[in-house]
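Visitor: I would like to learn how to read sheets and cores in a model. Please take me through one.

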Amino acid sequence: MAEQQVVADLRENCATPASLLRDVAAAMADEMCAGLEKEGGSRVKMLLSYVDKLPTGREEGLFYGLDLGGTNFRVLKVQLGGNDKHVISRESRELAIPPHLMSGSSSELFGFIASELAKFVADEEQGTSLSNGKTRELGFTFSFPVRQRSVASGTLVKWTKAFSIEDAVGKDVVAELQTAMQKQGLDMHVAALINDAVGTLAGARYYDEDVVAGVIFGTGTNAAYVEKANAIPKWEGELPNSGEMVINMEWGNFYSCHLPVTEYDQSLDNESLNPGEQDLREVNLRNVFR
């Protein structure tokens, strides 16, 4: 009977009836508007991605990708064929990040990543050479809150998940990676810095022109969507010719009194590297969408 009561209590505490979901949706909409209005106006940061054009499905060529967003990171080489061919070939490798590097220094973390990236490139390009002497183009998916000023630069706002590297906060993560790659003698240029939610949106748009949003449910949770550029009051400067801007919501930082919080959520939060911060809120938000 005691076990049944525990299950019943947990079910009640995690319940998400339609009325609660409507309240959560309304609170999210309010936070989104506040985040678009001005910097720091909302817990939901509504970051400009500086991606104003998404793939058309006609893109061709050889590209590299690096995805850092959790306890593992992935490196990728893909040959795009465009139109009906889409992805001609794809090679990837996933590697674990040693725990001590997740709370060490910025140079140690990016040095390790660049070293493994160099090994991957060497293995994949053994016996081949780049055509026309072109520098390798790298897309960098960095799944932590960054404040961007261009499509290929961004300063780290804060770490989330299991990372806590103090000297990286406020630094341009692209510059950190670029420096680390140069030390490895790796001839590669970071062409774009994006969040994984933005990457999900872009990847899906390559196959379907009607896709307008990308959502992540993993170690954390986030969303990105296409917004009208003239509906972003905090936008400074000329509007992009496309009239659109992809917004990285960083909705993992969303909080509402309507979100269910159980004793298990609280216990997990207390043991995290950033108690009381985004980790708990992401758990709460995933509970709503589960």
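Predicted model: local features only at pLDDT ≥ 70, side-chain atom pairs only at ≥ 80, totals over all residues.

Visitor: Which strands make up the open sheet, and in what order?

Guide: The open sheet holds 5 strands in the order 4-3-2-5-8, and the pairing is mixed. Strand 4 (86-96) and strand 8 (188-194) are the edge strands, each pairing on one side only. From one strand to the next, the twist averages 20°.

Visitor: In which sense do strand 2 and strand 5 pair?

Guide: Strand 2 (residues 61-68) and strand 5 (residues 136-142) are parallel, with 5 bridges between them. As an example of a bridge, Leu 68 has Phe 142 in strand 5 as its partner.

Visitor: What should I know about side chains along a strand?

Guide: In a regular strand, side chains alternate between the two faces of the sheet.

Visitor: Let us turn to strand 10. How is strand 9 joined to strand 10?

Guide: A hairpin of 3 residues links strand 9 to strand 10. Strand 9 (residues 213-217) pairs with strand 10 in the antiparallel sense over 5 bridges, and Phe 217 lies opposite Thr 221 of strand 10. Strand 10 also runs antiparallel to strand 11 (residues 244-248), again through 5 bridges. Within that pairing, Val 226 is bridged to Val 246 in strand 11.

Visitor: Why is strand 10 described as largely enclosed?

Guide: Count its buried residues, taking buried as under 20% relative accessible area. In strand 10 (residues 221-228), 6 of the 8 residues are buried, so the strand is largely enclosed by the rest of the structure.

Visitor: And how do I read a nonpolar core?

Guide: The general idea is that in soluble globular proteins, nonpolar side chains tend to be buried together. Here the largest nonpolar core has 36 residues, and Phe 140 and Phe 142 touch the most other members.

Visitor: Which elements each supply at least two residues of this core?

Guide: They are strand 2, strand 3 (72-82), helix 3 (106-124), strand 5, helix 4 (173-183) and strand 8. Helix 3 gives the largest share of this core, 8 residues.

Visitor: What does Phe 142 touch?

Guide: Leaving aside residues up to four places away in sequence, Phe 142 touches Leu 68, Phe 110, Leu 156, Trp 159, Val 173, Leu 193, Ile 194 and Asn 195.

Definitions and conventions
Residues numbered from 1 in each chain as written. Heavy atoms only, no water. Buried < 20%, exposed > 50% of the residue type's maximum accessible area, 1.4 Å probe, protein only. Helix = DSSP H or I, 4+ residues; strand = E, 2+ residues; numbered from the N terminus. Pairing = 2+ DSSP bridges. Axes fitted to C-alpha atoms, helices over the stretch in contact; angles between N-to-C directions. Core = buried A, V, L, I, M, F, W, Y, C linked by side-chain atoms within 4.5 Å. Contact = heavy atoms within 4.5 Å.
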